[in-house]
Structure formats: C-alpha cells, structure tokens
Amino acid sequence: MSPLPVVLAGARGHGRWHVANIRRLERAGLVRLAGICELTPLTEQEAGGELPEQSCDFGALLDSTGARVAVVCTPIPTHTDLALTAARRGVHLLLEKPPAPSYAEFRRMADGVAGTGVACQVGFQSLGSHAVPAIRELVAEGAIGEVVGVGGAGAWVRDEAYFRRAPWAGRRRLDGADVIDGALTNPLAHAVATALALGGTTRAEDVTGIETELSHANDIEADDTSCVRIGTARGHRVTVAATLCAQRAAEPYVLLHGGSGRITFWYKQDRILLQRGGHGPEEYQYGRTDLLENLVDHLTTGAALLVPPDETGAFMRVVEAIRTAPDPDPLPAAAWHRVPGESRRVVPGVDGLVAAAADTLSLYSELGAPWAPRTEHALNEVSAR
C-alpha cells in the first residue's frame, strides 16, 4: 500500500500535535505529509522534517497535492466550510472537535459530507480508547447493575494568557459568527462527549433535554466555570461539571453510576476503576487507537470509523444549548482571586464542587455554590428535528 497523502490545515497551536502525529504515521509508512495550509508558512523545524508544499489556499493545496486525507485543525467557525471544501473534492476528513459552533452548522457539515460519500472522523481522541468498549462490555455483563446516571468532572488550570492565545479564544461570537469557545465545548469537550458515549447517548435524537449553568471568573465572553445536565432517551441523566479556574490541575474523568457499583474512567490516561459490591476495587489500564490511524485503516481495509459525525450529534445538542443560553454570568469579585506570580484566576472551592457534581449528578446551584445562579431547573426540551 502506498502511503496516503495528507494535508494539514492549521499546524500551529494544537495543530503541532497533529504535525507530530502525522510524522509518526509517516515513519510507519501509512501516510505522507503532502501539504500544510497556514496563513504563515512553517519552518522546517516546525514541520518536523522536510517541508511539504505550503499554501494559505486550502482548496488549491488539496488539488495540487492530490491529497486523499485532510486534517482540519483550524478555528471553530471555519470547520464546516473547510470540511465541505475537502469533501467536494473527494478528500476524506479528520475534523477537530468541536466539529462546529452550532447545531445548524454541524448539520450543514455532516449532511454535506455524507452527500459526497467521503469518510469523516471527528477528533474526540478519548473515544479511541480501548477502555470505551471494555466499559461497555462490563455494563452489558451487569458488573455495576443498571446505569442510573453518568457524571463527568474536569478541573483544569489555565492562566490569563490562555484566553489571549487567538482572537477567538474565550469568545462566544466573533465578527458576527458563532465561536462558543467555552470550557464544556472546547478544552473539556472530551468530558462531555465521553460521558454521553458511555451512557449510550451519542446521536442527536438520544437527547431529551438540557440544563446549563454558565459563568466565568476570567474577563472573557464564554464560560470558564460551568456545568450541564442532560436528559436522555434511556431515562438517566448525564451531568458534567468543568472549570478552568481550579486550585490545582486534576485528571478529568467520567463516572458511571450503576445500581450495584460504579466505574471511573480517567479518559486521558485510558485507565478505569471498577467498584462493586462483594469485590475489592479493580483497576485496569488500556491502550488506544489513534483516530487518524483508524481513518486510514477505514480507507484501506474497511475498518469501522470510531467517531463518525452522527455519533457526535448528542454532543452538538449540548453545544447548541450552550450557544442559545443567556451569556455566562461574570462571577462576583469576591468569588475568585488571582494566584500571585501565576497570572491566573482561581475560584475557591470549585475543585470540590466539580467532583461533587459528578458524584451526585447535581448542578452547582444545587450543591450550594454561593455564586451559582438561583433559578428554577427544568430540563429545556430538545426538538427531535
């Protein structure tokens, strides 16, 4: 098999990870880095080797390189148009998460790509973890009884410079276009997507309603401290709490609550902890399948895609609920403080609140957070359309 020519759109920022990953697969003989689309050309050092063809015109670059695969790691509002540009040329896609800034844009992308017949993989790398099918098997075997709810927790640390990393960082809208770069929709989007997937809620029609509590301690438009609770067609609820203003950084995780036990999945580490009645705690470590490698395998052997667009429809319902919610509440000055010498903001007590939300499936306001909005919480129904 000849290596598949790959074009990468967006090679700086998180795109640097994709450069390194493409080079890894290049050394394995699976792909060839044929082109890089950036506004400012990369140096040989940035490209991790001999420079491929470079251009700021994505379509022209796809044409001139004969690309079979495109990796799109560009600002969120550009995802749909770039994905369709590739698809109309018959170029298969790895599209970074979140796949779009609104449900309407997601549908335009997913339906447009499907209409061309090309393959598309959405970049939720956690769903390539071998722990995911292992957890599903444990649940199917009744290891923790019937699933009664799913929690997700993400307590991260980000300094104020993080929100200045790009013009769209920390924005809900930019130049009239949706961005929705909040804690739950971008940096901790994996917590949401993974919690939904493990609860068997992946498609848009699997979501019955959504509650949101959105706030920010930093001087931004979007949320940096937020939680969401999702009603599902399966009858249980999924609650995910996130903050970028933690006292200390912690590994994010998803927690499956069963009638007779629980499973904790640290999704960045591919590690699970099984706790159930009559047994001691059991811990397991797994590998993972890289999503670009899986896409190549799909194109060459017919292997099933791990994260096709429609399997992220439920996540996009959450994005849409956050997009259409009132703008996040700025936390009062008394609710946060700056860490001396670190140029970051901390919300005291939020680390514990994030964990408690995942543990009890409660929202911040229900846990007594003094800064959380005091509102009636009824699930906002989600249209089945």
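This is a predicted model: local features need pLDDT of at least 70, side-chain atom pairs count only at pLDDT 80 or more; totals for chains, interfaces and linings use all residues.
Local features need pLDDT of at least 70, and side-chain atom pairs count only at pLDDT 80 or more, while totals for chains, interfaces and linings use all residues. Residues are numbered from 1 along each chain as its sequence is written, and side-chain values use heavy atoms, with hydrogens and water left out.

Start with the salt bridges (a side-chain nitrogen of Lys or Arg within 4 Å of a carboxyl oxygen of Asp or Glu). The count is 29. One of them joins Arg108 and Asp81, N to O at 2.9 Å. This pair links distant parts of the chain, with Arg108 in helix H5 and Asp81 in helix H4, 27 residues apart. Helices here are DSSP runs of H or I, at least four residues, and strands are runs of E, at least two, numbered from the N terminus.

Next comes Arg229. Its salt bridge partner is Glu366, with the closest N and O atoms 2.9 Å apart. Arg229 lies in strand S11, and Glu366 in the loop between helix H10 and strand S20, 137 residues apart. Arg229 is buried, at 8% relative accessibility. Glu366 is partly exposed, at 41%. Buried means under 20% relative accessible area, exposed over 50%, and partly exposed in between (1.4 Å probe, protein chains only).

Salt bridges also form a network. It links Arg107, Asp111, Arg203, Glu205, Asp310 and Glu311.
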